[in-house]
Protein chains: 2
Amino acid sequence: MVQARVGVIGYGVVGAATAGLFDNPAIYDPPKGYEDPTVLADCDVIFMAVPVPTVLGKNDLTIVHEVLETITPILRPDQIIAMRSTVLPGTVRALQEQYPGVRFASNPEFLRAHRAFDDARHPYRVVIGADEPGIAERVADVYRAVLDPDVEFVLTDTRTAEMIKYAANTFLALKISFMHEVWDACQILGIDYAVVKRGLELDPRIGDGEANEELTVQPDRLGFDDECLPKDLAAFTSFLQNELGLPATLFDATATVNAGMLSRRLVAG
Amino acid sequence: MVQARVGVIGYGVVGAATAGLFDNPAIYDPPKGYEDPTVLADCDVIFMAVPVPTVLGKNDLTIVHEVLETITPILRPDQIIAMRSTVLPGTVRALQEQYPGVRFASNPEFLRAHRAFDDARHPYRVVIGADEPGIAERVADVYRAVLDPDVEFVLTDTRTAEMIKYAANTFLALKISFMHEVWDACQILGIDYAVVKRGLELDPRIGDGEANEELTVQPDRLGFDDECLPKDLAAFTSFLQNELGLPATLFDATATVNAGMLSRRLVAG
């Protein structure tokens, strides 16, 4: 299969791991020295992996808009911008309305920072959402040309793709917090947590052994403070509570447990 | 391998599924017509699968004690009673102290009620806890004679085995509640939950497709009200809060979400 011409905006962990899948990808990331947006002009699919921080529980799309205002004058109408940055359900649809000359897709990343290249090469699944016919398939074809044939694709609309990403990360945050509560109980009882972990991970409904770093608790580094989970948990919780009017009881409780664990980390020095 | 002589006390779902693994097991369950305790006299391992309800957050061991008082005069000292009923960490150790003439093991069941025989035949893992040397191995040998050779065994002490059981069931309750919160958000947004479910279950950290009935939400039957999950969640939450002095934040939140879902079921009629 002939590879499509691929562009990548944002050459951080996600952008670099995505770019690494393809031959000669065009890169645009001014702060990192890739300053020429015209390299994107002949790309079929452009993956957007710029930072979208969470501020007061909302996605801060400042960089997304800056980039789009720079590049939209250059783009052809048949090019696709596939959003890899994590954004709340409805965001890509709103971008589509604001930039009607651009074709958007949602293509959330599920990369672990410390093994992003390997995760990009061997994904558990590829999720692609689009709201017009044919677009999701075109993005999928770009991946199919470079991934193992047994990788499963979930092709859907943009909001569903965005929902899958937040639900997945919130679930992982929940799972980590849950295991911390079990670990805490084991500490008090003098029970070997490693054996409990083994007993749980053998149940595929809790997680298989290979993939289950979430079941590991690091007593000298309680809770999670990586770049994704606290941010995504906060944004998704705020979205459910403030946009949808739902209590988000479990998500709130997850943040409570994590805050407690992080403060114990501080006390422990 | 010569099969050990096996006895089963309590011929409900768990007892019957356990008994079904073995040739000619001895059964003792007076309410079901198996009224002769002396059939247990020549058994090497006796699986105890009697009801242990949760009352005010504690295990009600009334039936366990009734049975033990009936059968201990009959038992030989080298016989093992393997507790399949779900009991809180420390329970089997306390029984051991109360009935010093009996050898106890903890052997929690992980059977789904609607497929208990199949789960017993093809377990995700077999967990056996004992506090004296050799006992867990003897129970394991009884299973090894009848199960596939690739089944993994977790041999540990009684409290760890009991902890694995409660942690597993509480995790499943949490997962069901989490998926209900995601489902709720999907309903408001008009997102197809089945696609979200597929996107999540393809991640083995959330669960593989084959085993993951927990990701299914039945809109006409919200929440969980089966025999195990509400009972085990309540007992484990109470144990953490009242025995260990832990907040059990996530477990409490799980019960809150489930109570809300069950009340919506009532409103829906």
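This is a predicted model: local features need pLDDT of at least 70, side-chain atom pairs count only at pLDDT 80 or more; totals for chains, interfaces and linings use all residues.
Residues are numbered from 1 along each chain as its sequence is written, chains are lettered from A and ligands numbered from 1 in the order in which they are written, and side-chain values use heavy atoms, with hydrogens and water left out.

**The interface between the chains**

- In total, 57 residues of chain A are in contact with 57 residues of chain B, where contact means heavy atoms within 4.5 Å.
- The area buried between the two chains is about 5,300 Å², and carbon and sulfur atoms give 75% of this area; buried area is the accessible area (1.4 Å probe) that two parts lose on being put together, summed over both.
- The count between chain A and chain B is six salt bridges, a salt bridge being a side-chain nitrogen of Lys or Arg within 4 Å of a carboxyl oxygen of Asp or Glu.
- Arg125(A) forms a salt bridge with Asp203(B), and their closest N and O atoms are 3.5 Å apart.
- On the side of chain A that touches chain B, at least two residues each come from β9 (153-156), α6 (158-189), α7 (193-201), α8 (229-243) and α9 (249-268) of chain A; helices (H or I, at least four residues) and strands (E, at least two) are DSSP runs numbered from the N terminus.
- The element that gives the most to this side of chain A is α6(A), with 20 residues.
- Sorted by class, this side of chain A has 33 nonpolar, 11 polar and 13 charged residues, where Ala, Val, Leu, Ile, Met, Phe, Trp, Tyr, Cys and Pro count as nonpolar, Asp, Glu, Lys and Arg as charged, and the others, Gly among them, as polar.

- Side chains of opposite charge can pair when their charged atoms come close.
- Over all chains, the structure holds 44 salt bridges.
- Arg264(A) forms a salt bridge with Asp184(A), with the closest N and O atoms 2.9 Å apart.
- Because Arg264(A) lies in helix α9 and Asp184(A) in helix α6 of chain A, this pair ties together parts that are 80 residues apart in sequence.
- Asp184(A) is buried, with a relative accessible area of 12%, whereas Arg264(A) counts as partly exposed at 34%; buried means under 20% relative accessible area, exposed over 50%, and partly exposed in between (1.4 Å probe, protein chains only).
- Asp225(A) forms a salt bridge with Arg221(A), the closest N and O atoms being 3.2 Å apart, and Asp225(A) is partly exposed at 40%, as is Arg221(A) at 41%.
- Salt bridges that share partners also join Arg112(A), Arg115(A), Asp118(A), Asp119(A) and Glu213(A) into one network.

**The build of chain A**

- Chain A has nine helices and nine strands, and buried residues make up 58% of its 269 residues.
- Along its principal axes, the C-alpha trace of chain A spans about 65 × 40 × 35 Å.
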